[in-house]
Amino acid sequence: MILRGLASLLVAGLLVLNFVLPSSPIGVRGRDAQVRADIASALAVGEPLPPLELFDLDGRRHTREDLLGHRVLITFERSVDW
Amino acid sequence: MNRLRLYRLVMGSLGVAFFLFGVAMVIAFFLYQRPNSTPLVPTGPVGHYFVAFTGCALIAWAGGLAGAARDPRASRSIGTMTIVVLILMAFIRMVAWVVGDYHAWLGELPRTEASGLLLLALALIWLKPTVSESVVPRVGGKA
């Protein structure tokens, strides 16, 4: 009976906590926060591209110098390997 | 309806629900392996690996719950562990609720689920047969 009472108290406490706890606003932590920080530090239109080294799906290396003098469209996709 | 019958009903219903969830998860894994398939669960190959694992575990848990529904007095530990895991699952949802990323994806769902799981745990705490209720008098002499 004592164990039941203690277990019930624990569950009741969690139930109360469940309704009292606030949810963090979106972007306070984790992935969303990182995305927002990245956007805040993103390049503005007209700014030069910083040095970069990217690999395409075939494993070929691309640098900023390779792209100079060309019109380039770069797209980024989330890998399915997760 | 007496307490023991209600306990059996709850455990049996949970067993059926978990069995169906488990089978659905295993099927989702196999369906995902088809070329160009749309995943039933919004996750990738690694996620589906864990989905299949969870499905198998749920099927096993369902078997235990069915045993507890058939003979609650002989399967008290299944009831105890079910209560512990229901509380743990609720706690995980509470953490998901606090973390903003999950809230962006699931809205109020983690908190609602946590409340349901905790209420279910509370019900099972009081419905589960006690130790003294589980003692079955033996008829005859040596076993």
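The buried residues of helix α1 of chain B are covered by elements that include α2 (45-70), α3 and α5 of chain B. In this predicted model, local features need pLDDT of at least 70 and side-chain atom pairs count only at pLDDT 80 or more, while totals for chains, interfaces and linings use all residues. Residues are numbered from 1 along each chain as its sequence is written, and chains are lettered from A and ligands numbered from 1 in the order in which they are written.

**Helix α1 of chain B**

Helix α1(B) covers residues 3-32. Helices (H or I, at least four residues) and strands (E, at least two) are DSSP runs, numbered from the N terminus. The 30 residues of α1(B) reach 43 Å from the first C-alpha to the last, close to the 44 Å expected at 1.5 Å a residue; the expected span is 1.5 Å times one less than the number of residues.

The buried residues of α1(B) are Tyr7(B), Val10(B), Met11(B), Leu14(B), Gly15(B), Phe18(B), Gly22(B), Met25(B), Phe29(B) and Tyr32(B). A residue is buried if 20 or more other C-beta atoms lie within 10 Å of its own, exposed if 12 or fewer, and partly exposed in between, with C-beta atoms placed from the backbone.

Val10(B), in helix α1 of chain B, is buried because 20 other C-beta atoms lie within 10 Å. Leaving aside neighbours within four places in sequence, Val10(B) is in contact (C-beta atoms, placed from the backbone, within 7 Å) with Ala123(B), Leu124(B) and Leu127(B). Val10(B) and Leu120(B) are 110 residues apart along the chain, and their C-alpha atoms are separated by 8.9 Å.

Axes are lines fitted to C-alpha atoms, for helices over the stretch in contact, and angles run from 0 to 180 degrees between N-to-C directions. Angles under 35 degrees count as roughly parallel, over 145 as roughly antiparallel, 65 to 115 as roughly perpendicular and the rest as oblique. The two packed pairs are set out below.

| Helix pair | Axis separation | Angle |
|---|---|---|
| α1(B) and α5(B) | 9 Å | about 140 degrees |
| α3(B) and α5(B) | within 8 Å | roughly 160 degrees |

The angle between α1(B) and α5(B) is about 140 degrees, and these helices are therefore oblique to each other. Helix α1(B) passes α5(B) in a left-handed crossing; a crossing is left-handed if the near helix is turned anticlockwise from the far one by less than a right angle, and right-handed if clockwise. Arg3(B), Leu6(B), Tyr7(B) and Val10(B) of α1(B) make the contact with Ala123(B), Leu124(B) and Leu127(B) of α5(B). By class, this contact has six nonpolar, no polar and one charged residues. Ala, Val, Leu, Ile, Met, Phe, Trp, Tyr, Cys and Pro count as nonpolar, Asp, Glu, Lys and Arg as charged, and the others, Gly among them, as polar.

Helix α3 (residues 76-98) and helix α5 (residues 109-127) of chain B cross at roughly 160 degrees, and are therefore roughly antiparallel to each other. Here too the crossing is left-handed, with α3(B) passing α5(B). The residues that meet include Gly79(B), Leu86(B), Ala90(B) and Trp97(B) in α3(B), and Pro110(B), Ala114(B), Leu117(B) and Ile125(B) in α5(B). The contact of α3(B) with α5(B) has 16 nonpolar, two polar and three charged residues.

The 23 residues of α3(B) should span 33 Å at 1.5 Å a residue, and the end C-alpha atoms, 34 Å apart, agree with this. Among the buried residues of α3(B) are Ile78(B), Thr82(B), Ile87(B), Arg93(B) and Met94(B).

Pro110(B) lies in helix α5 of chain B and is buried, with 23 other C-beta atoms within 10 Å. Its contacts, apart from neighbours within four places in sequence, are Arg93(B), Ala96(B), Trp97(B) and Tyr102(B). Pro110(B) and Val98(B) are 12 residues apart in sequence and 9.4 Å apart in space, C-alpha to C-alpha.

**Loop residues of chain B**

Glu108(B) is found in the loop between α4 (100-106) and α5 of chain B. With 10 C-beta neighbours inside 10 Å, Glu108(B) counts as exposed. Between Glu108(B) and Leu6(B), 102 residues apart in sequence, the C-alpha to C-alpha distance is 30 Å.

Asn36(B) is placed in the loop between α1 and α2 of chain B and counts as exposed, with 4 C-beta neighbours inside 10 Å. Although not a glycine, Asn36(B) has a positive phi of about 60 degrees. Most residues other than glycine have a negative phi.

**Chain A**

Chain A contains three helices and two strands, in the sequence pattern α-α-β-β-α. Of the 82 residues in chain A, 4% are buried.

How values were computed: Two residues are in contact if their C-beta atoms, placed from the backbone, lie within 7 Å.
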